[in-house]
Amino acid sequence: MKSHKPNFFIVGAAKAGTTSLYQYLNTHSNLYFSPVKEPHYFSTDIKTSEFTSIYKRNIDNLPQNFYQNKPKDSIQNVFIRDEKQYLNLFQWADGESAVGECSTSYLYSKEAARNVKKFNPDAKIVIALRNPADRTFSHYLMAVRFGFTQLPFRKALHKDFNQHKKGWGKSELFIELSLYYEQIKRYMAQFPEEQIKIVLFDDFKKDPLSTVNEICDFLGIDKFSDIENKKHNAALMPKSKNLNRLMVNTGFKSKISNVLGEKAKDKLRQIFFQDDKIPKLSRQDRSYLQGLFKEDIQKTSELINRDLSHWLK
């Protein structure tokens, strides 16, 4: 099989707009994305053998004969550890200037930055950041949606932070994934400034086209004249918590996701989930989170040379 070496990576943070960036950029004629959005190949310190049983049941698996024909729909989340399997994700690239993938674990992982540098020292790195209070709460809503927690927000935070066994696939890392300073430093230690692009979710939400076109400039490809302004991976709440928990615990949700196309999955979401009863982050909880993240926000602001004071208001 022919393979093409990726030359750019969107590395997170989780719940900071990476799925939308993937979907928008994936329509560009001179850009090729892995059909697995998050292969997690370079996060070698994340051990799949240590994942909780419920997490294992709800990550995606590559369908049989996946590599024989180019997939029509992307797969969200697969932990690929074999180099040949990883490189074969890029076999369908056909002369595109930008070839890449988008794994949110790469920002959290302590080894991914070094591994990416060793794999391709000329790689371009896109880091998406979101107000850590909002990112944390959005992460919590996702955990509720997937049935990983039914606790109220503050209790879920405390339980997760004080969990004895912590790590990707072992705990939610609600707080840890929002501490950006050390995570960004790992990439700055490996790559020169001109190979790193920081994208703020605030800017992306305000003007998606301009933000996507900044990335196009960074990657050296033509800009979009327009994009479809559509939410991807938006927050949803299960209509039935008991049914949702059953589908998660049995792994049924993940199995169905592997065999259905995007249109069918959208219809199922409408049946089982609702978007009109989404909880909001309370003023008290926002203030609490701002206290937790204040020092890291200030250090991150200095590190990336961006004013992030609005994250503390």
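Modeller: Let me begin with burial: buried means under 20% relative accessible area, exposed means over 50%, and partly exposed is in between, with a 1.4 Å probe and protein chains only. By that scale Cys216 is buried, with a relative accessible area of 0%. This is a predicted model, in which local features need pLDDT of at least 70 and side-chain atom pairs count only at pLDDT 80 or more, while totals for chains, interfaces and linings use all residues. Residues are numbered from 1 along each chain as its sequence is written, and side-chain values use heavy atoms, with hydrogens and water left out.

Biologist: Is Cys102 buried or exposed? And how many disulfides are there?

Modeller: Cys102 is buried, with a relative accessible area of 0%. The count of disulfides is 0, where a disulfide is a pair of cysteine sulfur atoms within 2.5 Å.

Biologist: How many helices and strands does the protein have?

Modeller: The protein has 14 helices and 9 strands. Helices (H or I, at least four residues) and strands (E, at least two) are DSSP runs, numbered from the N terminus. Of the 313 residues, 50% count as buried.

Biologist: How many residues of α1 are buried?

Modeller: In α1, 7 of its 8 residues are buried, among them Leu21, Tyr22 and Thr18. Thr18 has a relative accessible area of 4%.

Biologist: What is Thr18 in contact with?

Modeller: Leaving aside neighbours within four places in sequence, Thr18 is in contact with Ile10, Gly12, Ala13, Lys37, Cys102, Thr104 and Ala128. Contact means heavy atoms within 4.5 Å.

Biologist: Which residues does the cis peptide bond join?

Modeller: The cis peptide bond joins Gly12 and Ala13, with omega about 10°. Ala13 lies in the loop between β1 (8-10) and α1.

Biologist: Turning to backbone angles, what is phi for Asn65 and for Leu173?

Modeller: Asn65 has a positive phi of about 65° although it is not a glycine, and phi of Leu173 is near 60°. Most residues other than glycine have a negative phi, and most peptide bonds are trans. Asn65 sits in the loop between α2 and β4 (75-77) and is partly exposed at 48%. Leu173, in the loop between α7 (153-161) and α8, is buried at 2%.

Biologist: Now helix packing. At what angle do α8 and α14 pack?

Modeller: Helix α8 (residues 180-190) and helix α14 (residues 283-304) pack at about 25°, with their axes 8 Å apart. Axes are lines fitted to C-alpha atoms, for helices over the stretch in contact, and angles run from 0 to 180 degrees between N-to-C directions. The two helices are therefore roughly parallel to each other. Angles under 35 degrees count as roughly parallel, over 145 as roughly antiparallel, 65 to 115 as roughly perpendicular and the rest as oblique.

Biologist: Which residues make the contact?

Modeller: Tyr180, Tyr181, Ile184, Lys185 and Met188 of α8 make the contact with Asp296, Lys299, Thr300, Leu303 and Ile304 of α14.

Biologist: And how do α6 and α14 cross?

Modeller: The axes of helix α6 (residues 132-145) and α14 come within 9 Å and cross at roughly 125°. That makes α6 oblique to α14. Pro132, Ala133, Asp134 and Thr136 in α6 meet Arg286, Leu289, Phe293 and Ile297 in α14.
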